[in-house]
Amino acid sequence: MNPVLRALKPYPMAELQRRKAELAKAGIRIHDFGTGDPVEPTPAFIPEALRAAVPVISQYPSVAGTPALRQAAAAYLQRRFGVAVDAATQVLPSAGSKEAIFHLGPAFLDPASGKDTIVFGVPGYPVYESSALFAGGRAHPVVLTREHGFRLELERLPTELLARTAIAWLNYPHNPTGACVDTGYLAGQVAIARAHGILLASDECYQDLWFDGCAPPPSILQVATTGVLAFHSCSKRSGMTGYRSGFIAGDAKLIAEYRRWRVHFGVGSPEFIERAAAAAWSDDAHAAERRAVFAAKYAVLAEGLAALGVTILPSQAGLYIWAQVPGGGDADRYAARCLERGIVISPGGFFGDGGTGWFRLALVPGVDACREALSIWPR
Ligand SMILES: Cc1ncc(COP(=O)(O)O)c(C=O)c1O
């Protein structure tokens with residue numbers, strides 16, 4: 001067995017699924033705020049596009065993806081961020097963003113050279129770390145703090161670390177805190193990454209989920225299209241977590257190299273999935289409707305938790321609420337107490353250092369179910 005695999009802790013969300021299954025078996029009604037996997041139906045035109053595209057003869061899909069999907073992704077970037085990218089050379093489909101994030105390490109780390117490190121913020125999405133480790137490189141988590149708005153600030157890292165960093169990950173709106181950034185911050189990070197020969201990767205899977213009256217979160221592509229890659233996903237924007245579809249956009253040279261690497265492991269998405277994804281990227285109305293749904297859940301939970309005396313970090317976007325364990329207690333113990341009542345939450349430690357004393361709620365149950373959960377919340 002690969003020693004990296006042997007040494008790895010269980011994937012936190014897999015552990016959560018196991019605990020949830022145990023409860024369901026015991027007949028307990030579950031309020032699942034654990035995994036960020038929304039329960040609203042996928043808008044009907046998306047499965048319709050898929051069904052219409054299932055072929056009579058099914059052949060291998062291409063890693064480059066269909067021109068139609070690449071063009072739909074490019075058109076979305078233009079509408080949403082005012083960014084012009086060339087669909088042929090600057091867009092590459094992925095089978096959801098998780099695999100594309102994971103595979104970036106093996107493609108762009110050279111453990112034998114000085115450039116062997118991936119830098120990322122914690123608390124955060126765990127895949128940046130596993131990408132570095134499975135690539136034989138070094139993972140460098142940087143603890144993000146509330147005082148700094150949970151921003152990863154490359155300018156604060158030692159020069160020696162920047163010199164050996166191959167990839168730095170940004171993720172705003174941030175999982176798990178919901179922190180957002182502006183283009184000024186992004187431009188600053190691009191400048192430092194350029195100065196140190198770092199590939200700046202921006203995980204933008206929550207970009208279209210902003211709350212009522214808040215500013216739409218920007219893309220890294222608004223400040224640069226060279227030296228950067230943006231990772232987008234149909235999962236949360238369009239209710240398509242099960243379809244596994246996303247795209248990567250940015251630097252044409254990096255896209256060409258990444259495509260060359262991806263040919264080796266058959267990661268091209270089926271064409272019927274790509275047709276459904278192209279339909280999703282071509283429509284903004286359903287994304288606005290979904291946004292309103294998540295904003296409503298956020299409002300109900302924020303108000304209800306405040307009434308229960310739970311402090312939350314106010315957020316403007318994303319799919320999560322980041323909340324402090326009442327009375328400064330231990331998050332694992334608090335999660336266990338919630339679980340006794342069927343309420344599934346993620347203790348902050350799931351997201352690495354910096355999560356201690358906090359917990360995450362994913363905006364998954366519907367508004368009425370959120371109210372129901374609040375009525376039985378442990379005090
Ligand atoms: C920060 C972040 N990035 C990427 C992903 C992966 O999304 P997907 O593979 O469904 O596109 C997730 C999923 O929850 C996430 O929270």
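How do the residues of the shell around the ligand divide into nonpolar, polar and charged? The shell comprises six nonpolar, six polar and four charged residues. The structure discussed here is a predicted model.

The ligand is surrounded by 16 residues, and the closest are Asp203, Tyr206, Ser233, Ser235 and Arg244. Two helices, α5 (97-108) and α9 (234-238), each contribute at least two residues to this shell. Helix α5 provides the largest share, namely three residues.

Asparagine 175 places a polar side-chain atom 2.8 Å from an oxygen atom of the ligand. The ligand taken alone exposes 400 Å², of which the protein buries 91%.

Arginine 244, one of the closest residues to the ligand, is found in the loop between α9 and β8 (246-250). Its phi is positive, at about 60°, although the residue is not a glycine. The relative accessible area of arginine 244 is 33%, so the residue is classed as partly exposed.

Glutamate 99 belongs to helix α5, the element that supplies three residues of the ligand shell. With a relative accessible area of 12%, glutamate 99 is below the 20% limit and therefore counts as buried. The side chain of glutamate 99 reaches the backbone nitrogen of alanine 95 at a distance of 2.9 Å.

## Aromatic pairs

A pair of aromatic rings is described by the distance of the centres and the angle of the planes. In this model the count comes to 18 aromatic pairs. Phenylalanine 102 is in helix α5 and phenylalanine 134 in helix α6 (residues 127-134), so the pair ties together parts that are 32 residues apart in sequence. Both residues are partly exposed: phenylalanine 102 has a relative accessible area of 24%, and phenylalanine 134 has a relative accessibility of 29%.

Tyrosine 128 and tryptophan 169 form a stacked pair, with 4.9 Å from centre to centre and 25° between the planes. This pair links distant parts of the chain, since tyrosine 128 lies in helix α6 and tryptophan 169 in strand β5 (residues 165-170), 41 residues apart. Tyrosine 128 and tryptophan 169 are both buried. They also belong to one aromatic cluster that is formed by Phe120, Tyr125, Tyr128, Trp169 and Phe231.

## Charges over rings

Arginine side chains are also placed over aromatic rings. The charged end of arginine 291 sits over the ring of tryptophan 210, at 3.6 Å from the ring centre. For arginine 262, the charged end sits over the ring of tyrosine 258, at 5.1 Å from the centre.

## Backbone geometry

The peptide bond from valine 122 to proline 123 is cis, with omega near 0°. Proline 123 lies in the loop between β3 (117-122) and α6. A cis peptide bond also joins tyrosine 172 and proline 173, with omega about 0°, and proline 173 is found in the loop between β5 and α8 (183-195).

Phenylalanine 150 has a positive phi, near 55°, in a residue other than glycine. Phenylalanine 150 is located in the loop between β4 and α7, and its relative accessibility of 6% means that the residue counts as buried.

## Positions along the chain and in space

Valine 39 occupies the loop between β1 (31-32) and α3 (45-53) and is exposed, with a relative accessible area of 55%. Glutamine 324, in strand β9 (residues 320-324), is partly exposed at 31% relative accessibility. Glutamine 324 and tryptophan 358 are 34 residues apart in sequence and 4.3 Å apart in space, C-alpha to C-alpha.

Arginine 151 lies in the loop between β4 (138-143) and α7 (159-164), and with a relative accessible area of 31% it is partly exposed. The C-alpha atoms of arginine 151 and glutamate 15 are separated by 28 Å, and the two residues are 136 residues apart along the chain.

How values were computed:
Residues are numbered from 1 along each chain as its sequence is written. This is a predicted model: local features need pLDDT of at least 70, side-chain atom pairs count only at pLDDT 80 or more; totals for chains, interfaces and linings use all residues. Side-chain values use heavy atoms; hydrogens and water are left out. A residue is near a molecule or strand if one of its heavy atoms lies within 4 Å of it. A polar contact is a pair of N or O atoms within 3.5 Å; within protein, one must be able to donate a hydrogen and the other to accept it, and residues adjacent in sequence count only if both atoms are side-chain atoms. Accessible areas come from the Shrake-Rupley method with a 1.4 Å probe; for residues, only the protein chains shown count as cover. Helices (H or I, at least four residues) and strands (E, at least two) are DSSP runs, numbered from the N terminus. Ala, Val, Leu, Ile, Met, Phe, Trp, Tyr, Cys and Pro count as nonpolar, Asp, Glu, Lys and Arg as charged, and the others, Gly among them, as polar. Rings of Phe, Tyr and Trp (its six-membered ring) pair if their centres lie within 6.5 Å; planes under 30 degrees apart count as stacked, over 60 as edge-to-face and the rest as tilted. Buried means under 20% relative accessible area, exposed over 50%, partly exposed in between (1.4 Å probe, protein chains only). A charge sits over a ring if NZ of Lys or CZ of Arg is within 6 Å of the ring centre and within 35 degrees of the ring normal.
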